Amino acid sequence: MNNMISLIFITIGILFNLLGCIGIIRLPDTYNRLQAATKCVTLGCCSIFLGVLFHFGFSDAGVKALVAIPILFFTSTVGAHALIRGTYHFGIKLGEKSVKDDYKDAVQ
Amino acid sequence: MKYITLFILSLIFWLLLTFKLTVPNIIVGTVASVICSLFFGRFFVTNVYKLLQPQRYFWFIVYLFVFIWECLKANLDVAYRVLHPAMPIRPGIVKVKTILKSDLAKMLLANSITMTPGTISVDIIDDNLYIHWIYIRSEDPEVYTGIITGAFEKYIKRIIE
């Protein structure tokens, strides 16, 4: 039973990771690509960690996987923030489809 | 006081991470926790007695469920935009004003916003958050402030402030 649940979680995780990768290829500019990269890949990895937890139970490896989930959440969100802010300050423009840019005034 | 709290928290974290209750492991963990709390204690929450108030934990659990729900919605949203042939995106950076005051609360809000559908926090300047939004649904500042921060702000205010 646990094996089944862990397989389902790992499958969902791989599926979300795949969607994130498709997003990185299809979306037009850096900022939108970061959206796909952060959200899908974070949830995908968390889902894989949950699968690992169900596979090993509350043992050595399982608890490590559980502890890794909040660490991954904080690091990936902070990493995305650092990347997107760095991109803007580096001078890369928003894509052609963009409709609004409030941050321009704040930077100057 | 906050150094001691941080020391205890990091020791618990270390024991969870290594998951072994042997004497050498605990000694290494103690040394590492002391070093950590000496370096990072000044960034820790200023009023540690707030950690002892139970209603904050209750709101934290409520917030956790709201957060997981928003996170799932975010992923389905990105999946929809990525797989749709016409790619319905309308990106831009909007400015949102927050009512939260402390640094920790602002950090938690920015992190939560990053995991909600279609938004990434770019920067925080004073009380304003700059949010990159993949599909701007409204031009009115009050409406989009409600959409972006409304789900989390009240819970974070109850948890931290």
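I'm working with a predicted model, where local features need pLDDT of at least 70, side-chain atom pairs count only at pLDDT 80 or more, and totals for chains, interfaces and linings use all residues. Residues are numbered from 1 along each chain as its sequence is written, chains are lettered from A and ligands numbered from 1 in the order in which they are written, and side-chain values use heavy atoms, with hydrogens and water left out.

**Interface extent.** I looked up the contact (heavy atoms within 4.5 Å) and got 43 residues from chain A and 47 residues from chain B. For buried area I used the accessible area (1.4 Å probe) that two parts lose on being put together, summed over both. Chains A and B bury about 3,800 Å² between them, with 71% of it on carbon and sulfur atoms. R26(A), K39(A) and K100(A) supply 18% of the area that chain A buries against chain B, more than any other three residues.

**Charges across the interface.** I applied the salt-bridge rule (a side-chain nitrogen of Lys or Arg within 4 Å of a carboxyl oxygen of Asp or Glu) and it finds 1 across the interface of chains A and B. R85(A) and D123(B) meet through their side chains in a salt bridge at 2.7 Å, N to O.

**Strand pairing.** I counted strands as paired if DSSP finds at least two bridges between them. β1(A) pairs with β1(B), residues 92–97, in the parallel sense over 2 bridges, and D101(A) stands opposite I93(B). β1(B) goes on to pair with β3(B), antiparallel over 6 bridges; there V96(B) has L129(B) as its bridge partner. β3(B), residues 128–133, is also joined to β2(B) by 6 bridges, antiparallel. D123(B), from the salt bridge, stands opposite Y130(B) in β3(B), and T119(B) stands opposite W133(B). The hairpin of β2(B) and β3(B) has 2 residues between the strands, and D126(B) takes a positive phi near 50° there.

Key:
Helix = DSSP H or I, 4+ residues; strand = E, 2+ residues; numbered from the N terminus.
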